[in-house]
Every structure is written in structure tokens, then in C-alpha cells.
Amino acid sequence: MIFSSLTFDEAPRAILDYKLPLKSYTPIDLSVTNKELRNLDIANPHGCQEYIEKILKRNKAQVAYGGYLEKRNLYSSNRFSVGNQRNIHLGIDFWCKAGTVVHAPINGKVHSFKNNEDMGNYGPTIVLEHLMGVNSFYTLYGHLAIASLNDLYIGKQFKKGEILGALGTTDINVNYAPHLHFQIIEDIGNYRGDYPGVCNEKDLDFYKRNCPDPNLLFKL
């Protein structure tokens, strides 16, 4: 596993607007085991936003984060419920207000980008490629504002800390409460501007290997 063998600085790092201090980040549990969600339609973006705001207020926070390998009911009423239901989340979500800027967490270049605009998908999405020695890995940024795709081109360089884009509204990120989906991918294969962000139990072993825990980078 390429990414898991890399060493990054030990300091926790933010990915959203640097005016939001890390002390304003709080974990959130959107899993099927969270009893607070039993009577809430979490697949409805308004219900989801209501719960996010409840957690932010409870913890006096501005950003809620979490979700790696979390089994969720969030996908029960959209494209993931067709066939073998995919409900295990493969990245970290950062829930915050629409329009909040997203910073590149490490140096990289644009591998691909796309507006995945079918319902329940990522909406505007950017994939960066990161070269470490002779090896590459990739990071995916989903649910962005459409303007985040402006002026992009394959190979465009982003240095650590540069603004990459901003969070999209529910209508643009195709039916989710505003958030960033961030995912690490070791082998992206033939995907361009897209990669599965949710899997089913049957494929979990593969995706756990190919999509390591993003918190190895963030150390939140």
C-alpha cells in the first residue's frame, strides 16, 4: 500500500477555510448504529442538515467530520440502493456551510475533473494526483460548487494550502447537505473525475486496501 507507507508531518491539518480553526471541528456519527438517527430520515438532505446543525450546536463547532468505513442509511433512497446495496462510506466527509473554501492538503496536480450531476452522485468533482518518489496516489474532492471546475485543466499544479474550490449547495451537489467528500485512492484505474465513494460488504476488503483512511493524512 503506497499511501499507508508514507510519512507526513505529525501536526493535524485543516482542509476547509483556514479561518475555521481545528478546535472548531467535531466528530459526527452518521452510522446505522447511532440511536439518535433512528427516527430521522437521514437520506433527506434537510433531515441530514438538521442533525448536523444539532451536533455543531451541541459541541460549539463549525465543521463536523467523519465517516470512514461507516455503514450508513444515508444512501437508502438513491442510486446506491439498486442491486447490491452500497452503504459503506470510503472517505471522510467534512460537513460545513455551502461556499466554504477547500484547500489542497498536500502538493498535487489535476488528474481529472467532472460534474457528476446524476442524483445522489458527487456533483462537481476534482481528482488530484500526488507523486511520491516513483509512486503516485490520488485524492478526490466531491460535492463542490460548480465554479470550482472553472479554469481547471489536466496537469494544473496545486501547492499545499492553495484554494482548490468551495462546497456546493444541495441542488448542485445533487441532493446532499453541503459537505466535502474527501477520499484517498491508490489505484484509480480508468476512472476520470469519479471513483466509487461507497461500497457494499462484498467488495469491502478490496476498497479498504485501495482507499486507506484519510485520517492518516489529517491526524484529526
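**A tour of the cores and cysteines**

Begin at Leu152, which lies in the loop between strand 8 and strand 9 (157–158). The model in the viewer is predicted. Although Leu152 sits in a loop, its relative accessibility is 12%, so this residue counts as buried. Display its surroundings next: beyond the neighbours within four places in sequence, Leu152 is in contact with Val110, Phe113, Ile126 and Phe158.

Turn now to the largest nonpolar core, a set of 30 residues. Select Ile15, Leu16, Phe94, Tyr141, Leu180 and Phe182, the residues with the most contacts inside this core. At least two core residues come from each of strand 2 (63–66), strand 4 (92–95), strand 7 (123–132), strand 8 (135–142), strand 11 (179–185) and helix 3 (215–218). Strand 11 provides the largest share, three residues.

Centre the view on Ile15. Apart from neighbours within four places in sequence, its contacts include Phe94, Tyr141, Leu180 and Phe182, and also Val101, Val102 and Phe218. A second, separate core holds 17 residues, among them Ile28, Leu30, Leu56 and Ala61.

Finally, select the cysteines. How many disulfides does the structure hold? The number is zero. Cys96 is buried, at a relative accessible area of 10%; the closest cysteine sulfur, in Cys48, lies 14 Å from the sulfur of Cys96, which is too far for a bond. Cys211 is likewise in no disulfide, with the nearest cysteine sulfur, that of Cys199, 8.3 Å away. Cys211 counts as buried because its relative accessibility is 0%.

Methods:
Residues are numbered from 1 along each chain as its sequence is written. This is a predicted model: local features need pLDDT of at least 70, side-chain atom pairs count only at pLDDT 80 or more; totals for chains, interfaces and linings use all residues. Side-chain values use heavy atoms; hydrogens and water are left out. A nonpolar core is a set of buried Ala, Val, Leu, Ile, Met, Phe, Trp, Tyr and Cys residues joined through side-chain atoms within 4.5 Å. Buried means under 20% relative accessible area, exposed over 50%, partly exposed in between (1.4 Å probe, protein chains only). Helices (H or I, at least four residues) and strands (E, at least two) are DSSP runs, numbered from the N terminus. Contact means heavy atoms within 4.5 Å. A disulfide is a pair of cysteine sulfur atoms within 2.5 Å.
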